[in-house]
Amino acid sequence: QVQLVESGGGLVQPGGSLRLSCAASGIIFRIYNMRWHRQAPGEQRELVASVTSAGTTNYADSVKGRFTISRDNAKNTVYLQMNTLKPEDTAVYYCSAYSVDLYWGQGTQVTVSS
């Protein structure tokens, strides 16, 4: 059974930082490309950052220079380090794993507010 479990969300003040984690099980993690997405209320889900199985990263323009995606294949985990957070970063953040198949986590809430 494939599981992607996100953690690390919460409430943070503008300018603060959070690190999200997504722990995978039931897949050969190292061969999967991993992504972080987010969905704000009333908005479509958007791709935030991705890291390929080879380690190549890509970011949405809105988070470049502030967010960093990384992966630890030994721990079957992908991370999203989020710095200089803004209120517009408020959303539910989801991780996904894709190769031949596509799997989603259940999401973790991030709220940026003073």
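This is a predicted model: local features need pLDDT of at least 70, side-chain atom pairs count only at pLDDT 80 or more; totals for chains, interfaces and linings use all residues.
Let me begin with the core. The largest nonpolar core has 29 residues, and those touching the most other members are Met34, Trp36, Leu80, Met82 and Tyr93. At least two residues of this core come from each of the strands β3 (18-25), β4 (33-39), β5 (46-51), β7 (67-72), β8 (77-82), β9 (91-98) and β11 (108-112). Consider leucine 80 in particular. Beyond its neighbours within four places in sequence, leucine 80 is in contact with residues including Leu18, Leu20, Trp36, Val48, Phe67, Ile69 and Tyr93.

I turn now to the charged side chains. The structure contains 4 salt bridges. Arginine 38 pairs with aspartate 89 at 2.9 Å, N to O. Because arginine 38 belongs to strand β4 and aspartate 89 to the loop between β8 and β9, this pair ties together parts that are 51 residues apart in sequence. Both arginine 38 and aspartate 89 are buried.

Aspartate 89 also forms a salt bridge with arginine 66, with 2.7 Å between the closest N and O atoms. Arginine 66 sits in the loop between β6 (57-59) and β7, so its pairing with aspartate 89 joins parts that are 23 residues apart in sequence. The relative accessible area of aspartate 89 is 0%, and arginine 66, at 10%, also counts as buried. A network of salt bridges links Arg38, Glu46, Arg66 and Asp89.

What of the salt bridge between aspartate 61 and lysine 64? Here the N to O distance is 3.3 Å. Aspartate 61 is exposed, with a relative accessible area of 66%, whereas lysine 64 is partly exposed, at 48%.

Terms used. Residues are numbered from 1 along each chain as its sequence is written. Side-chain values use heavy atoms; hydrogens and water are left out. A nonpolar core is a set of buried Ala, Val, Leu, Ile, Met, Phe, Trp, Tyr and Cys residues joined through side-chain atoms within 4.5 Å. Buried means under 20% relative accessible area, exposed over 50%, partly exposed in between (1.4 Å probe, protein chains only). Helices (H or I, at least four residues) and strands (E, at least two) are DSSP runs, numbered from the N terminus. Contact means heavy atoms within 4.5 Å.
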